[in-house]
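Biologist: Please take one part of this model and go through it closely. Begin with the chain that it sits in, and give the cut-offs as you go.

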Protein chains: 2
Amino acid sequence: MARQERAIRTRRVILEAAGAVFDEHGYASTTIAMVLERAEVTKGALYFHFPSKESLAQAVLAEQVLFGSVPSRGCKLQEVIDMTFAVGQRLRSNALLRGGVRLAVDQETPAGIDRGEPFRQWSRRLTALLEQAAEQGELLPTVRPAETVDLLVGSFTGIQLMSRALTDRADLGQRLAVLWAHMLPSIAVPGLLPGLDSRADRGVRVLAEIETAEDAESAEGAGERAPAGVR
Amino acid sequence: MARQERAIRTRRVILEAAGAVFDEHGYASTTIAMVLERAEVTKGALYFHFPSKESLAQAVLAEQVLFGSVPSRGCKLQEVIDMTFAVGQRLRSNALLRGGVRLAVDQETPAGIDRGEPFRQWSRRLTALLEQAAEQGELLPTVRPAETVDLLVGSFTGIQLMSRALTDRADLGQRLAVLWAHMLPSIAVPGLLPGLDSRADRGVRVLAEIETAEDAESAEGAGERAPAGVR
């Protein structure tokens, strides 16, 4: 059991190192040696988990959608909004997520790597949420969830890219707030609009909420209460 | 005069070749030799116009905004819509435009090349149009033109990228129609909505309109009428 936990941890360390190297250098210029040096693991350990650079890239791409995790909400449209802001906020600091986004966006990523996969994963996940929102009566009857989600995923991709090119993503929260301000009136039933929160700092607040919840959980798990503000 | 015309034509041939090579190979893998071979011009001619690979890339980036040319409209919001569809349609066939978009989007494009410049150019040009639209009473009073334009440019960038990754841009017109269907109710005064045309084939129709106008003009210029369907 301990050995298996170690293997999971090692795999994670390699993935994070690969994400950082892909983010900084792109697919073509990245070598296994660079990932090894960054991860500080043995060649054997790396090849055990990832037999090739291609498999590393595909695994980094597959991780992307996990960075959309947010607390479940009664209002599913708010949950979709929260996911976009959480990903936007995590993009500012998480190298594994950044590496995945670069691989998906850069045209130099070779055709053998399926760059469309993260787009499809996001679309599936968000469409399921919007369909729930529709069932709960949150959406205008004109909304087709899959179409609206494709627009959201495409727009998000370009907005983060433009924010990166112009301000190194410092204004991404503000740009997402503008996106939602333009889209929500075409998506939500009018009565829902005043209660939805899509302000620029939404991502900061959602991540803080997750941290607090995790602190409480780990304190419970250890049978003691962690002092406030430890993380 | 003839010599100057030839120089302009040569510069254009080189730019188009460079656009195609940047589009296919990206900045890092492109060499001056590849551009020379594609353009079929002498090394001297190329270096006369472009002293370095950097200057070639910057010139390709600067051309991008010219591909937004569309006929002037009385309704300026329709003109903005037309620009997005025209660029979307031209992206499917024009290598110079595609090369510029790849240079702006790829993270591998080095920091010495100003990737933000085409974003800023599009923003300036479209903001001027939306400000005119506001003066003419076409926009809701809540619209801030610069903010809405930044959203449009960012969303367009991501939508064309997703369309390229999933369908090699075959569904780009359809995706732009979805974008406008979601945005227009937050931008235009309600009375304008039924008259605006943002259907998926808008780009095809705008480019056909331009071709017809150019045919008529060149027929006039040559003092004769070209037979229909020549172009």
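Modeller: Among the contacts in chain A with a separation of 6 or more, 68% join residues 24 or more positions apart; contact means heavy atoms within 4.5 Å. The model is predicted: local features need pLDDT of at least 70, side-chain atom pairs count only at pLDDT 80 or more, and totals for chains, interfaces and linings use all residues. Residues are numbered from 1 along each chain as its sequence is written, chains are lettered from A and ligands numbered from 1 in the order in which they are written, and side-chain values use heavy atoms, with hydrogens and water left out.

Chain A holds ten helices and zero strands, and from the N terminus its elements read α-α-α-α-α-α-α-α-α-α. Helices (H or I, at least four residues) and strands (E, at least two) are DSSP runs, numbered from the N terminus. Along the principal axes, the C-alpha atoms of chain A fill a box of roughly 60 × 50 × 35 Å. A compact globule of 231 residues would have a radius of gyration near 17 Å, and the 19 Å of chain A agrees with that. The radius is taken over C-alpha atoms, and the globule rule is 2.2 Å times the number of residues to the power 0.38. Of the 231 residues of chain A, 51% count as buried. Buried means under 20% relative accessible area, exposed over 50%, and partly exposed in between, with a 1.4 Å probe and protein chains only.

H8(A) covers residues 145-167; at 1.5 Å a residue its 23 residues should span 33 Å, and its end C-alpha atoms are 32 Å apart, which agrees. The expected span is 1.5 Å times one less than the number of residues. Of those 23 residues, 17 are buried, so H8(A) is largely enclosed by the rest of the structure. A:Asp168 follows H8(A) and has a positive phi, near 50°. A:Arg169 lies in the loop between H8 and helix H9 (172-187) of chain A. Its phi is also positive, about 70°, although A:Arg169 is not a glycine. With 3% relative accessibility, A:Arg169 counts as buried.

A:Glu40, between helix H2 (32-39) and helix H3 (43-49), has a positive phi near 55° and is not a glycine. At 72% relative accessibility, however, A:Glu40 counts as exposed.

Chain A can be laid on chain B with an RMSD of 0.0 Å by a turn of 180° and a shift of 0.0 Å along the axis. That is the relation of a two-fold axis. The same surface serves both copies, as 100% of the contact residues of chain A recur in chain B. The superposition is by least squares on the C-alpha atoms of residues with pLDDT of at least 70 in both.

In helix H2 (residues 32-39) of chain B, the buried residues include B:Ile32, B:Val35, B:Leu36 and B:Ala39. These residues cover an arc of only 100° around the axis, which puts them on the same side of H2(B); the arc is that of the directions from the helix axis to the C-beta atoms. An α-helix has 3.6 residues a turn, so residues three or four places apart point the same way. On the other side of H2(B), B:Ala33 and B:Glu37 are exposed. The cover over the buried residues of H2(B) includes helix H1 (2-29), helix H3 (43-49) and helix H4 (53-63) of chain B. Just after H2(B), B:Glu40 takes a positive phi of about 55°.

Back in chain A, A:Asp23 sits in helix H1 (residues 2-29) and counts as buried at 10% relative accessibility. Apart from neighbours within four places in sequence, A:Asp23 is in contact with A:Ala95, A:Arg98, A:Gly99, A:Arg102 and B:Gln107. A:Thr109, in the loop between helix H6 (95-105) and helix H7 (116-135) of chain A, is buried at 4% relative accessibility. Not counting residues up to four places away in sequence, A:Thr109 touches A:Tyr27, A:Arg102, A:Leu103 and A:Arg115.
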